[in-house]
Amino acid sequence: MHRKTFFITGTAVACLFASLGGESKAEPAACPAEIPFGLTTALTGNLALLGTQARNGAEFAVDEINAAGGISGKKIALKTEDTGASSTDALNAMNRVIESKPLVIFGSMISPHVFAQTEAVNKSETPFLVGATNAKVTAQGSKWLFRTHAHDGQLAELIPEYLVKTLGKTKPGIMAVADDYGLGASKGIQAALAKLSVSPVAVTSYAPSDKDMSAQLLEIKDKGADSLILFGRPADVALVMKQMEELGIKLTAIGNSSMVAQTTLNNLSAADADGSIAIGGMIPQTSTDPKITDWAKRVLDKYKVPADNFTVSYYDTVYMLKSIIEKAGCDKAAIRDALGATKDWKGLLISYQADAPGDLAHTLGIYRNKGKTPELIGPIKEAGY
């Protein structure tokens with residue numbers, strides 16, 4: 001009798017431990033027949049030149065993954081909404097995406113749009129992956145937001161450091177587009193120059209809609225600048241560089257990746273572009289790796305727009321999510337936690353590593369235009385990486 005009772009109790013205990021063991025190693029959450037991804041980006045308006053790069057990178061990756069069988073046999077369904085150029089339209093676009101209950105959401109590289117959208121995404125408790133470059137994007141305290149592109153805080157430190165320490169320029173003029181993007185970068189650049197005991201000879205800006213920047217350029221020249229730090233978007237950066245050549249202003253020009261973006265170079269002559277330098281996200285045009293050059297050609301063939309650093313970033317992000325979902329399943333919190341634990345995930349051109357605020361890109365490139373062809377001088381890393 002006692003032996004029989006003992007045997008039953010022991011079996012019950014064994015089952016209990018087996019049950020507990022199963023709970024500690026829960027199976028990944030099952031994915032639906034189609035895995036829903038959402039994307040909001042500018043496809044119309046004056047920011048479309050940038051916004052389409054996010055769409056191109058994400059969509060190209062999704063199409064590749066689906067053609068190869070999807071994620072663990074499940075296809076991705078990408079819902080894309082156009083933000084246009086305004087933050088109000090960006091929030092409305094995000095609300096439409098959230099209504100479709102996506103597993104993850106991609107936001108664009110337009111920082112004001114991401115700021116307008118973050119609260120709504122937080123409430124939806126959905127992983128939010130962006131390329132927005134304002135340094136404060138990941139300082140909002142959101143546990144759902146991650147950035148997979150270089151940001152202006154990094155550039156504000158690295159551009160002055162390279163200009164002063166490597167190029168030996170100590171009398172820079174600063175010119176930036178007069179919006180949150182450019183003016184925030186200008187302040188950061190001024191602070192970084194101060195740490196190097198350098199004061200800019202002139203600090204200027206221009207409105208996003210301006211077509212004539214000659215007054216600002218002449219002010220910088222007349223104040224004895226030996227270099228120009230230029231921070232803007234491809235369309236206006238092309239105007240500034242063209243007007244520098246027209247005015248005969250010969251200064252070392254350095255700025256963000258717009259200086260070497262193909263969309264900028266398409267609007268310049270070789271003389272306009274030659275010698276200008278950029279620090280920014282890695283671009284595929286300078287790679288000699290046949291896999292990278294083939295990828296860039298296929299993107300160009302499909303979209304008729306050259307891939308840039310943002311195309312690379314969004315493409316990498318989709319594949320990063322694929323690798324995470326294959327292990328963590330379709331559970332939003334598990335995906336979020338895996339993103340926050342990312343270490344040395346190898347993308348097309350760089351490796352990604354998450355820091356505490358949610359930034360994953362810490363390697364940038366230094367580029368110089370040889371005529372209209374950007375050449376990679378070398379990689380440069382954020383301090384600590």
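A: A quick term before we start: a helix here is a DSSP run of H or I at least four residues long, and helices are numbered from the N terminus. With that in hand, take the second largest cavity, where helix 12 gives the most to the lining, with four residues. Keep in mind that you're looking at a predicted model.

This cavity has a volume of about 100 Å³. Its lining is made of 13 residues, and those nearest the centre are His149, Gly281, Met282, Ile350 and Tyr352. Sort the lining by type and you get six nonpolar residues, six polar ones and one charged.

The structure holds two cavities of 30 Å³ or more, so let's turn to the largest cavity, with about 210 Å³ of space. Here 24 residues form the lining, and Thr133, Tyr181, Asn256, Ser257 and Phe310 sit nearest the centre. Helix 12, spanning 309-328, turns up again: along with helix 4 (111-124) and helix 5 (152-166), it supplies at least two residues of this lining. By type, the lining of the largest cavity has ten nonpolar, eleven polar and three charged residues.

Now for a pocket, which, unlike a cavity, is an open set of points. The largest pocket contains about 360 Å³ of space. Look for Asn46, Leu47, Pro208, Arg233 and Asp236, which lie nearest its centre among 21 lining residues. Helix 4 comes back here, and together with helix 2 (48-67) and helix 8 (234-247), each supplies at least two residues of the pocket's lining. Helix 8 has the largest share, with four residues.

The link of Cys31 and Cys330 is right-handed, with 95° about the S-S bond. Cys330 lies in the loop between helix 12 and helix 13 (332-340), while Cys31 is in the loop between helix 1 (2-24) and strand 1 (34-41), so the pair links distant parts of the chain, 299 residues apart. Are these two cysteines buried or exposed? Buried means under 20% relative accessible area. Cys31 has 18%, so it counts as buried, and Cys330, at 14%, is buried too.

Methods: Residues are numbered from 1 along each chain as its sequence is written. This is a predicted model: local features need pLDDT of at least 70, side-chain atom pairs count only at pLDDT 80 or more; totals for chains, interfaces and linings use all residues. Side-chain values use heavy atoms; hydrogens and water are left out. On a 1 Å grid over the protein atoms alone, a cavity is a set of points where a 1.4 Å probe fits but cannot get out, and a pocket is an open set with protein on both sides within 12 Å along at least five of seven lines; lining residues have an atom within 4 Å of a point. Grid points are joined across faces, edges and corners, and a volume is the space filled by probe spheres set on the points. Ala, Val, Leu, Ile, Met, Phe, Trp, Tyr, Cys and Pro count as nonpolar, Asp, Glu, Lys and Arg as charged, and the others, Gly among them, as polar. A disulfide is a pair of cysteine sulfur atoms within 2.5 Å. Buried means under 20% relative accessible area, exposed over 50%, partly exposed in between (1.4 Å probe, protein chains only).
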